[in-house]
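Subject: Handover of a structure

Hello,

I am handing this structure over to you. Please have it open while you read the notes that follow.

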Amino acid sequence: MDKSLLDHILRIRLPVTIFVIIVAFTITYFASRAERDGIGYTPTQPIDFSHALHAGEMQIDCQYCHTGVEKGRHANIPSVSSCMNCHAIAKRDSPQIQRLTRHYEEGIPLEWERIHRVPDFAYFSHSVHVNKGIDCANCHGNVEQMDKVGQVQSFTMGACLDCHREPHKQMPELAGLIQKGPEDCAACHR
Amino acid sequence: MAEQMKDKNQQQEQVDVHYWRSFRELYRDPQLLEEKHREFKEGVTDDFSPDQLSQISRRKFFALVGASAALAGAGCTDYREKGAVVPYNKQPEEVLPGKPNFYASTCTACPTACGILIKTREGRPIKVDGNPDHPVSKGKICSKGQASILNLYDPARLRNPKKKNGNSITSVAWKNVDEHIRSSITASVESGKEIAIITHSVVSPTAKKLLDEFAQSYPGTRVYAYELFHEENRNNAWRKCYGSGTFPLLKWDEAKVVLSLESDFLGNEGNKIEQVRLFTDGRDIMKTDTFNRLYSAESAMTLTGMNADYRLRIKADRQLEFVLSLLNEIVVKKGAGEVSLSALGVISKYSLTDFIETNGLPEKVISHLIDDLLANRGKSIVHAGRSLSEDVHIAVNVLNEALGNTALYLTSSEPVTYHTLSPKDELSELIEKMSSGEVGVLINYDSNPVYHLPSDYGFTDAMKQVPTVITLTELDSETSHESHYVLPINHTFESWGDAQTRTGYYSLQQPVIAPLLDTRQKEEILLRWMSAEDNTDGNPYHRYLMDHWENAIYAGARRSVDFRTFWYAALHDGVITERAESRSFNRVNPDALGGIELPAAGEGFTLLLQESYFLGDGKFANNGWLQEIPHPVSKIAWDNYAAISDASAKKLGVKNDDLVTIETDGRSLDLPVFVQPGTADGAVAVMLGYGRTKTAVVADNVGFNANLLMSKDSRQSPWVYTGVSVKKARGTYRVVSTQEHHAFDIPRVQDIHYIRHIIQEGTIEKYQKDPDFLDEYKHDLFSITTQKEYTGVKWAMSIDLNKCIGCADCVTACNVENNVPVVGKDQVQVGREMHWIRIDRYYSGTPEEPKIAMQPMLCQHCDKAPCENVCPVVATVHSEDGLNQMVYNRCVGTRYCSNNCPYKVRKFNFFNFRDHFRRGYYRSDLVELVNNPEVTVRSRGVMEKCTFCVQRISDARETATQEGRPLKGSDVTTACQDACNADAIVFGDMNDPESKIAKYRDHNLGYVVLEELNVRPNVTYLAKLRNIHTEDK
């Protein structure tokens, strides 16, 4: 091989190629991070339920439906019967509500698309966080303004630890009220 | 260096003075010594070559992964999809997903009928504990009860009714079964034939009423009851002595001296739960420093004998002579107590000195026994085992009365029997009638007579002459195999019921889950046969039970509330109490001793058949958790065996695992031998409940069916046979035990564990003189590293070795709570059992008269944990509250931690054991429901160990946060602590000076194992105090 060509490959082409690969990887890594973490994931639900209407306009408390949030690990997706508390009367002519009623009456399971999820080996408890005074919006965003709910925060271990280490940076309103969250492995994994 | 080697060799050759765990160790078997040099047993990594694990090459694997990834990338419309969340349609009011519900019910694992509290999550039972409101069991249950949850999810459970047509078996619908059987029963009634129902003992008042009503609606029905183990000898003797009634309950807690004659009252006799609680209450160092004293005279080493302060080796057939000699010594020689004239005539023939001489008993122990019995008249109990003959029980009744021990008979309550067990004659008569075709229909009512009844009844052949044989059962059995109809029944947790075993309370049983399979509860089946038309909706027995409670129990209880309130309160509490009539006792019949006859001193061995601690009468043979718990004494799992003494073994020329033939009156069985220290010479003990066939994958062919050795015409008792021949047979059979691995020692200092004070103990007298006597073992510890300060809650455990009896109920509790897998016999053999807590058992002294110490061993959660320092991937780290945490996701399985653990409590998942055990028997949708959802199910390649039930700590923290208060140590109990019948385990926050645990940690008797390593364990043991006389130390 021509010596100058080899020299050119080793001195210019190879470093440039490696540089391009690294830059491309880095840009993709960071640019796609939010996407990969699921931020902005807004699936279509089987029933067009609007949080903006229920929680925003009508000011229904989150806990009216998400009953478990103060008591246990799961916030709970409300049972169809909870919807029917109002919708047995309210808006019975809407096709969406008629669909809901059919689920209720015929006992067909209503399969909502899951939006937020932590892996099985992470034991997250809603009640501990909510009872410490942490607002739902800190993780779930301003749900009362969303017609269609999507994920706004990352739910990775890094995201959990950011808050556990420096809660006051994330939630200045709780300064003096809460201390650091636990960083022990067994706090979440067991 | 050479000198060191010499020292080491000398240590190895030293014999006998200290603790030893097996004969191989005592006699310094070179192979064993060699094995102990090693970290793991030989073969622990066998069959672990990558070729055997998978046939796919690395290159092919990557190619497949790449292809799948490409396909997945191309094929998935939205890779962010996270599945569906499906809420309840109509949410039950009491269910909150993620939060457990507790239901009070009654255990039916054995006729003791303890109160239980079933924990359910989203409607599925995941854990069983005792019901604290129950007046007898007081919040505790045994291993069988706890593990019975696995039976609910057993994949082998029968799924629908089956009918046998010739040789083929077909599934049929309940409707058709009901019709056929109703017509068979009616035909049988019309032709004047008998309808025989064979059941186990009946403890339910409502079930008793149902059986009576069934008999009324179908004349010619007779109900027979049998048990493999029962108290009939004791009760018959009682009736001969006192005229009527049954043997009373005893005030074990008031006894200062207990003499147990071949009785395993701490292990599996009577109401074990209550007896253990009351007995160990007299050994609570926090309450008293004058313990009760236990003498045990037995032929086989039992759990009770293991805990005795003094133990005498007496063969079962000599017990009568022993009691009569004691009577003679106490009444005639010492002039204490009174017996009738005719009794005096009988006992004067027996001399204790002669008895001591002929049986080679230690004279000193007997003289202590006599002194103690005399000094504690009215405060001692002489208790004969249920396997001893009626005569022994009569003599014991007389002895107890002579000593004034009738004061310890409980007067406030008495046992209740709803259906007396059928005596031998009645069963023989039934079988005769069956053979001669006089029985039209035979209903095996959740019973298994083909397996249980002695073969000389000829039950199996007689059953073939019955035109319709119906078996109601959860699992296939030896009996169901020979039946025309096999009807699957509900598990306890799917059934309604009630129970009363003694006066003063009724306990209620409620279903906590709808039947998982197409089954019905056994009472419901009979009830449906009783009515002409089939009313198919719901369980009619629920209504039946409520009606009986309304008409009989509610009416009798005279409560001021209406029945509905009463019923729901009873369901909530699981139990109702009422005033029981006080009982009084007459004087013993003066002629009771008249008919007593000494058994002929036969040549040969005395065979003792024992109940298995974990399988019961074989009912739990298909439960992997129970099969795998090591026997409390021998530490053998997955088998039964013939236990004989060292001397007998030498005489027979056999060693462990050699097969022997046991023969008695023509019935014979080949069994492997296990040389059990402490067995009486010339005695052989075998556990029943093993050797099931035609059942299901786990139970079949595990162990040997020793029921074959039983005879209906047994002379003394169904469980004791004299003049038995034991001969060496050809071949060997490998029995696996967990006792020789987990070598405690580090190779450098191997074999000096006996001088390392792992077990520390003393005597009561020593403790009374010098409560700080353990200080001589304390070390001045020096460390070059700084000790971390723990300021908040710091978890610690204490185990009181005075109270621990080594029953292993904690092991079962831990298995259920922490999703511990079953590994199987082959894996136990190579030391891979996964139990997070084990009971170490140490022998000291001689093989003839061993002194035994037990020690539950679990992760010690050391402050300076050696495992943490060596993990290359930081998968095991320490938490702020003093826990040694294990992070499964980080673990790559180097096993360095286990290597560096001085206590050897870490367990490695060599396989995915759910797949591996019996070809994935426990990998079934049904069995997955048993898993505790709060605990990760571990897979292959990760290390695991005790977590101090961290899920319960998290749960308590959640509750504390919800209530807006700081977490307290007393908020958390571990699973083992909840299960410990003796309350030997205490758990809590050691930084809280007021807490119970702090008091235990600071106690004079508290010590930590291997203190000199300065790993600072957080588990404290309270040294065992033996209540023996000082001079015979």
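Two strands count as paired if DSSP finds at least two bridges between them. That applies where the two chains meet: strand 1 of chain A and strand 1 of chain B, residues 84–85, pair in the antiparallel sense over two bridges. Within this pairing, A:Trp112 stands opposite B:Val85.

Please keep in mind that this is a predicted model. The predictor gives the complex an ipTM of 0.90 and a pTM of 0.89. For chain B the mean pLDDT is 88, and 94% of its residues reach 70 or more. Two stretches of chain B call for caution. Over residues 12–16 of chain B, pLDDT stays under 50, and the model has seven contacts beyond four places in sequence for them. Over residues 741–753 of chain B, pLDDT also stays under 50, and there the model has 21 contacts beyond four places in sequence.

The contact between the chains

The contact takes 38 residues from chain A and 33 residues from chain B. On the side of chain A that touches chain B, at least two residues each come from helix 5 (80–87), helix 6 (95–106), strand 1 (112–113) and helix 7 (126–131). Helix 7 of chain A has the largest share, three residues. By type, this side of chain A divides into 14 nonpolar, 14 polar and ten charged residues.

Domains

Chain A is assigned domain 1 (3–31) and domain 2 (42–77 + 112–187). The centres of these two domains of chain A, taken over C-alpha atoms, are separated by 43 Å. In chain B the assignment gives domain 1 (6–14 + 740–1032), domain 2 (100–152), domain 3 (162–229 + 418–577), domain 4 (232–408) and domain 5 (602–737). Between the centres of domain 3 and domain 4 of chain B, again over C-alpha atoms, there are 39 Å.

The nonpolar core

Nonpolar side chains tend to be buried together in soluble globular proteins. Here the largest nonpolar core has 285 residues. The residues with the most contacts inside this core are B:Val323, B:Leu327, B:Ala395, B:Val398, B:Ala642 and B:Val684. Helix 12 of chain B, residues 319–333, contributes the largest share, eight residues.

What does B:Val398 touch, leaving aside residues up to four places away in sequence? Its contacts are B:Leu327, B:Val339, B:Ala343, B:Val588, B:Ala592 and B:Leu593.

Is B:Glu401 buried or exposed? A residue is buried if 20 or more other C-beta atoms lie within 10 Å of its own. B:Glu401 has 21 C-beta neighbours inside 10 Å, so it counts as buried. Not counting residues up to four places away in sequence, B:Glu401 touches B:Thr406 and B:Val588. B:Glu401 and B:Val588 are 187 residues apart along the chain, while their C-alpha atoms are separated by 7.4 Å.

Strands of chain B

Strand 3 of chain B (residues 115–121) pairs with two other strands. With strand 2 (residues 100–106) of chain B the pairing is antiparallel, over seven bridges, and B:Thr106 stands opposite B:Gly115. With strand 4 (residues 124–130) of chain B the sense is again antiparallel, over six bridges, and B:Thr120 stands opposite B:Pro125. The hairpin of strand 3 and strand 4 of chain B has two residues between the strands, and B:Glu122 takes a positive phi near 45° in it. Five of the seven residues of strand 3 of chain B are buried, so this strand is largely enclosed by the rest of the structure.

Strand 23 (residues 667–675) of chain B has a parallel partner in strand 21 (residues 642–644) of chain B, with three bridges joining them. B:Ala642, one of the core residues named above, has B:Val673 as its bridge partner. Strand 22 (residues 658–664) of chain B pairs with strand 23 of chain B in the antiparallel sense over six bridges, with B:Leu659 opposite B:Pro672. In the hairpin of these two strands, B:Asp665 takes a positive phi near 45°.

Lastly, chain B has an open sheet of four strands in the order 35-28-37-36, with mixed pairing. Its edge strands are strand 35 (985–989) and strand 36 (1006–1007) of chain B, each of which pairs on one side only. Strand 36 and strand 37 (residues 1019–1022) of chain B run antiparallel and are joined by two bridges. B:Gly1006 has B:Leu1022 as its bridge partner.

Regards

Conventions: Residues are numbered from 1 along each chain as its sequence is written. Chains are lettered from A and ligands numbered from 1 in the order in which they are written. This is a predicted model: local features need pLDDT of at least 70, side-chain atom pairs count only at pLDDT 80 or more; totals for chains, interfaces and linings use all residues. Domain bounds come from an automatic or database domain assignment. pLDDT is the predictor's confidence in each residue, from 0 to 100. A nonpolar core is a set of buried Ala, Val, Leu, Ile, Met, Phe, Trp, Tyr and Cys residues joined through C-beta atoms within 7 Å. A residue is buried if 20 or more other C-beta atoms lie within 10 Å of its own, exposed if 12 or fewer, and partly exposed in between; C-beta atoms are placed from the backbone. Ala, Val, Leu, Ile, Met, Phe, Trp, Tyr, Cys and Pro count as nonpolar, Asp, Glu, Lys and Arg as charged, and the others, Gly among them, as polar.
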